[in-house]
Structures are given as C-alpha cells and as structure tokens.
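I opened the notebook to log what I looked up in this structure.

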Amino acid sequence: MLADISCFSFHPVKHMTSCEGGMPLTQDVRIAAHMRRFRNHGIDSDHRAREDNGAHAYDMAELSYNYRLPDVQCALGIAQPARLSIWVVARQRVASWYEEALAGPAGVTPLKTYGDRTNSHHLYVVKLADGIDRKCAFGRLRAEGIGANVHYAPVHLHSFYRKRGYEQEIALVAEAFSWQILTLPMYPAMIRADVERLA
C-alpha cells in the first residue's frame, strides 16, 4: 500500500513563501523517518536530538544531500500564516477587478470559479479566443513592461517525456487549450490602476 504524501511549495511567488523550498506531510511514520534522514545527509538523528540525549554519535543510514531549509528562511515561513487570509482576500479583490476590466474586451475569458468553491488566485489565467495569437499578445504585454506568463505547457510535451515515448496529440484538448492560455500578473499589492492599464 502506498503512503499518502502531500507537498507544499514555498516558491517566492506562492501565497506563503520561505524564499524557496517546500514541506512534505505524511501520516506514515516510516516515510516520515525516511524524509527526516533524507533532508539531513541520510543521517539518523539531528543535532537537537543528540544534544537532548547528551550524545555525539550519529550514523549515515542512507545516501542523501543537505535538504534542510535554513533557519532564517524557516522563520520567514513561520511568520506568514497569520497574514495568509489577508493576502488571499487581496488576491480575490484583484481578481474581481480583472473580471470587471476584462468583461468588455472580446476574446479574453477569465477561467471560471464555481460558486461552491473559493479561489485563492495563486495565478490569474485567461483563455484567448480562437484567432488571437498568444505569442503576439504575450510579446505586446511584455513590451509594455507587463509580466505576462504562460502556465503551463502540457507535461507530455516536455523533452523528458518525449524521450520516453510520449507523443504530441495524445491529449488534444489539453494541447489546444495550452496554446490559448495566458497568465496575467497577480499579487496582493496590485491596485485597480494596474489592472485597468493591463486590460
């Protein structure tokens, strides 16, 4: 039976960040012990446990690297949950401005948020209508200093998967959709004038 592992990214553009890194969670004690060793050169104990036990010896039980997040970055991450709800509300406000501003222009449709769900708007993705050249739209936004992006290319089109036999046109809907999406800037400090300029 496979153990469930959930992973959280603390990349700089995420709602909560420690400048980089992440956090895995599991209820499986064996997997948890393995992850603790794996983050710490494969060593079976950390310096705090050795100090608490008055011991100095440790064993490298498996081969690994240093995947520990530095304490300063941990402090940054630990301080953020108290402000998370404020940032989510700010992102939702920016999203509502986008919806208003983009209601008029033909051919640009924000992705739908269903009424029984809450969207924290990590990204703000729009779909461009058929006939709109995404490369051109992307280029024009970038030329105006607007940090548009694309999230994401279909996974099977990356070279890692192509080299392993995945071919184009195995997921036609995903591939077609991927050429019509554009990610617009989204961050809590945006003001309405930013959104109106972009629109």
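**Entry 1: the sheet**

I began at a strand pair: Val108 stands opposite Leu128 in strand 4. I note that this is a predicted model. I then counted what joins the two strands: 3 bridges link strand 3 to strand 4, and the two run antiparallel.

**Entry 2: helix 4**

I checked the length of helix 4 (residues 81–101). Its 21 residues, at 1.5 Å a residue, should span 30 Å. The end C-alpha atoms are 31 Å apart, so the span agrees.

Which residues of helix 4 are buried? I list Trp87, Val88, Ala90, Arg91, Val94, Ala95, Trp97 and Tyr98. I reminded myself that an α-helix has 3.6 residues a turn, so residues three or four places apart point the same way. Then I looked for what covers the buried residues of helix 4. The cover includes strand 4 (124–128), strand 5 (181–184) and helix 8 (192–198).

**Entry 3: the loop between strands 3 and 4**

I took two residues from this loop. Thr118 is placed between strand 3 and strand 4. Thr118 has 69% relative accessibility; the cut-off for exposed is over 50%, so Thr118 counts as exposed. I also looked up its distance to Gln92, a residue of the chain 26 places away: the two C-alpha atoms are separated by 9.3 Å.

His121 sits in the loop between strand 3 and strand 4 as well. Is His121 buried or exposed? I find a relative accessible area of 8%, and buried means under 20%, so His121 is buried. I also flagged its backbone: phi is near 55°, a positive value in a residue other than glycine.

**Entry 4: other backbone flags**

I place His41 in the loop between helix 1 (29–38) and helix 2 (47–52). At 31% relative accessibility, His41 is partly exposed.

Where is the cis bond? I find it from His151 to Tyr152, with omega near 5°. Tyr152 lies in the loop between helix 5 and helix 6 (159–162).

**Entry 5: aromatic rings**

I describe a pair of aromatic rings by the distance of the centres and the angle of the planes. How many aromatic pairs are there? I count 5.

One of them is Tyr65 with Tyr67, at 6.0 Å centre to centre and 80° between the planes, which is edge-to-face. I checked the accessibility of both partners. Tyr65 counts as exposed at 57% relative accessibility. Tyr67 is partly exposed, with a relative accessible area of 47%.

I then turned to Tyr161 and Tyr166. Their ring centres are 5.6 Å apart and their planes stand at 85°; over 60 counts as edge-to-face, so this pair is edge-to-face. Tyr161 is partly exposed at 30%, and Tyr166 is partly exposed at 40%.

I noted a cluster too: ring pairs link Phe38, Tyr65 and Tyr67. I also looked up a charge over a ring. Arg164 lies over the face of Phe160, at 3.6 Å from the ring centre.

**Entry 6: a buried serine**

What does Ser18 touch, leaving out residues up to four places away in sequence? I list Phe10, Leu69, Gln73, Leu76 and Gly77.

How values were computed
Residues numbered from 1 in each chain as written. Predicted model: local features only at pLDDT ≥ 70, side-chain atom pairs only at ≥ 80, totals over all residues. Heavy atoms only, no water. Helix = DSSP H or I, 4+ residues; strand = E, 2+ residues; numbered from the N terminus. Expected span 1.5 Å × (residues − 1). Buried < 20%, exposed > 50% of the residue type's maximum accessible area, 1.4 Å probe, protein only. Contact = heavy atoms within 4.5 Å. Pairing = 2+ DSSP bridges. Phe/Tyr/Trp six-rings, centres within 6.5 Å; stacked < 30°, edge-to-face > 60°. Lys NZ or Arg CZ within 6 Å of the ring centre and 35° of its normal.
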